[in-house]
Every structure is written in structure tokens, then in C-alpha cells.
Amino acid sequence: MDDDNIPVVKFSVDMQGIEKMKQVAALMSSNGFEEAVGVANATETKAKALSKAFIRNAGAKEVDQAQQIESSLVGHGKSGYVPTGNLQGSIKPKFNKNGLEVSVKPEATNGKNQPYGQHVEFGTYKMAPEPYMKPSGEKVSAELDKEFEDIIRKAAD
């Protein structure tokens with residue numbers, strides 16, 4: 001399957017800020033603030049756990065939103081695409097090994113085992129585009145911004 005053209009929505013958490021915090025804590029510890037490393041390690045553990053939960057939630061929200069848009073707005077005579085439920089049901093999350101990134105994409109294929117989610121999203125010379133992944137990603141991303149701020153505050157408590 002050629003994944004280069006499949007519409008994908010990705011969410012990830014970058015832990016570089018935590019690494020910088022640990023470096024500062026090590027420096028503080030070497031200057032007499034021994035408890036700094038323990039606090040930094042505890043904060044890292046909490047931040048990773050909260051971030052993994054956030055990413056699982058982001059994946060679930062994106063799947064739900066993309067499926068909702070696909071089922072209610074795509075097809076229905078606008079482009080000639082006739083929804084069967086196959087595309088909607090194929091929208092799945094894939095998480096990376098550390099649980100800090102999720103990619104959500106449709107995996108539906110036609111009778112020739114060729115993916116077709118991109119044809120619906122971007123259109124073809126015979127069919128107008130009917131985006132469902134981009135609008136869902138934009139909507140979910142806007143909702144997640146505030147949620148992530150709250151998670152960062154919890155990690156620092």
C-alpha cells in the first residue's frame with residue numbers, strides 16, 4: 001500500500017522540555033540542591049504518563065471526528081462517491097512504541113486491494129474532493145490545545 005498519498009492526521013508530544021529540566025536539576029544538585037534531581041525525575045514520570053494518556057485520547061477523538069465527518073458529510077451525491085461504511089470503519093489510530101505519537105488514517109482498499117481514502121479526501125479528475133481527515137484534524141487539534149495546557153499544569157503540580 002502506498003502510504004505517501006493517504007491522508008494522515010498526527011499528534012505527538014515532544015519531551016525535550018523535560019530533558020532540559022533534568023539537565024538544570026542536575027546542575028542544581030551539583031550546587032547543593034540535592035532534591036532537584038528527585039523532583040525532576042518525579043515530574044518526568046508524571047509528565048510521560050499524562051502525555052501517553054493525552055495521546056491515546058487524541059487518537060480516539062480524531063478517529064471519532066473523522067468517522068463522523070465521513071459518515072455525515074462525504075458522498076451523498078456531491079462527488080459521485082457512495083459511502084458504504086468501509087472507509088469510515090477503516091479509520092484507525094496507530095501509536096508509536098513510546099506512546100507519545102499517534103497517526104490516524106483510513107486503511108480502506110477497493111476490490112483490487114488499492115487504498116482509496118486519498119481519492120475521497122483530495123478528489124480525482126472524475127470526482128470532486130470531499131475532505132474528512134483535514135477538517136477533523138483541525139477541529140480536534142483546536143480542542144486538544146487547551147487540554148494539553150491542563151496536562152502540563154498537572155505534571156508540574
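Analyst: One term to start with: a salt bridge here is a side-chain nitrogen of Lys or Arg within 4 Å of a carboxyl oxygen of Asp or Glu. Also, this is a predicted model.

User: Ok. Which residues are linked in a network of salt bridges?
Analyst: K146, E149, D150 and R153 form that network.

User: And how many salt bridges does the structure hold?
Analyst: It holds 8.

User: Which residue does K22 form a salt bridge with?
Analyst: With E44; the closest N and O atoms are 3.1 Å apart. This pair links distant parts of the chain, since K22 sits in helix α1 (residues 16–30) and E44 in helix α2 (residues 35–73), 22 residues apart.

User: Is E44 buried or exposed?
Analyst: E44 is buried, because its relative accessible area is 11% and the cut-off for buried is under 20%. K22 has 26% relative accessibility, so K22 counts as partly exposed.

User: What about E138, which residue does its side chain meet in a salt bridge?
Analyst: K134, at 3.3 Å from N to O. Both residues lie in helix α5 (residues 133–156), 4 residues apart, which is about one turn of the helix.

User: And how accessible are E138 and K134?
Analyst: E138 is partly exposed, with a relative accessible area of 48%. K134 has 55% and is exposed, because exposed means over 50%.

User: Switching to strands. How do β2 and β3 run?
Analyst: They run antiparallel, and 5 bridges join β2 (residues 91–95) to β3 (residues 101–106). For example, I91 has P106 as its bridge partner in β3.

User: What do the two strands form, and how many residues are between them?
Analyst: β2 and β3 form a hairpin with 5 residues between them. In the turn, G99 has a positive phi of about 75°.

User: Which residue does K94 form a salt bridge with?
Analyst: K94 pairs with E107, and the closest N and O atoms are 3.1 Å apart.

Key:
Residues are numbered from 1 along each chain as its sequence is written. This is a predicted model: local features need pLDDT of at least 70, side-chain atom pairs count only at pLDDT 80 or more; totals for chains, interfaces and linings use all residues. Side-chain values use heavy atoms; hydrogens and water are left out. Two strands pair if DSSP finds at least two bridges between them. Buried means under 20% relative accessible area, exposed over 50%, partly exposed in between (1.4 Å probe, protein chains only).
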